[in-house]
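Student: I have a model open and want to go through it. Can we start with the terms?

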Amino acid sequence: MSIEVKDVMGRVAIAVLEHASFADIVAAMKRYAVGAVTVIDADRRPVGVVSEDDLLLKETGHARHAVSVFDSRARRQEHRKAGAVTAAELMTSPAITVTPGTPVREAARLMHARRVKQLPVIDPVTGRVAGTLHQRDVLRVFTRPAGELEADVRAVLPRDGTFSVAIDAGVVTIGGRVAARSRAVELTEAVRAVEGVVDVVAEIEHDHEDLFTVPPLL
């Protein structure tokens, strides 16, 4: 079973309007204990995100220094944000979003690649913000009940064979016997791909070797 964003997301959309003031943004972050808020337009569609890093630029002194033609694009953007007073001026745009049907594994990869700790969840039809996916929500898949996790693990194993499955703190140990080593590797990777599996200890035996390592050319 593939776990989707809707299975773990927060139903509260932590967002502010484009005209929200610096103080309004700080208050929203404090109220919900988050490090970023989604900026939405009048139709509740995400247009950007303001993070704590964006707000902290106000204290760095960037706004007090003149912009040089030799400054990088990032440096000029920091200078602009340091002098900003509304969400529209402070935000990073466009907003990186997911939908309720996005696989949690895909959302986790997106968070890692973009180095963000939360993502706005949007309705795929209207584009309106429907909730928020936090990093802690994604990590909940690693605290799934052992019985539920074992059922998903057994679902990817062949029904025509006898395999043992033991789970300890998300680490799955699988045992059994298959015809070829390549099949053992295939099953190990299938189990590893199950949401909630931290690691796999493969104790699957095989009857014959069909994977060979080609020695490097000298």
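Tutor: Buried means under 20% relative accessible area, exposed over 50%, and partly exposed in between, using a 1.4 Å probe and protein chains only. Helices (H or I, at least four residues) and strands (E, at least two) are DSSP runs numbered from the N terminus. The model is predicted, so local features need pLDDT of at least 70 and side-chain atom pairs pLDDT 80 or more, while totals for chains, interfaces and linings use all residues. Residues are numbered from 1 along each chain as its sequence is written, and side-chain values use heavy atoms, leaving out hydrogens and water.

Student: Which residues of helix H8 are buried?

Tutor: In H8, residues 146-155, they are Leu149, Asp152 and Val153.

Student: Where do they sit, seen down the axis of H8?

Tutor: They fall within an arc of 100°, so they line one face of the helix. The arc is taken from the directions from the helix axis to the C-beta atoms. Gly147 and Ala155, on the other side of H8, are exposed.

Student: What covers the buried residues of H8?

Tutor: The cover includes strands E6 (164-168) and E7 (171-180), and helix H9 (181-192). Contact here means heavy atoms within 4.5 Å.

Student: Switching to Asp54: buried or exposed?

Tutor: Asp54 is buried, at 7% relative accessible area. Asp54 belongs to helix H3, residues 52-56. A polar atom of its side chain lies 3.0 Å from the backbone nitrogen of Ser51.

Student: And how many helices and strands are in the protein chain?

Tutor: The protein chain has 9 helices and 8 strands. Of its 218 residues, 34% count as buried.

Conventions: A polar contact is a pair of N or O atoms within 3.5 Å; within protein, one must be able to donate a hydrogen and the other to accept it, and residues adjacent in sequence count only if both atoms are side-chain atoms.
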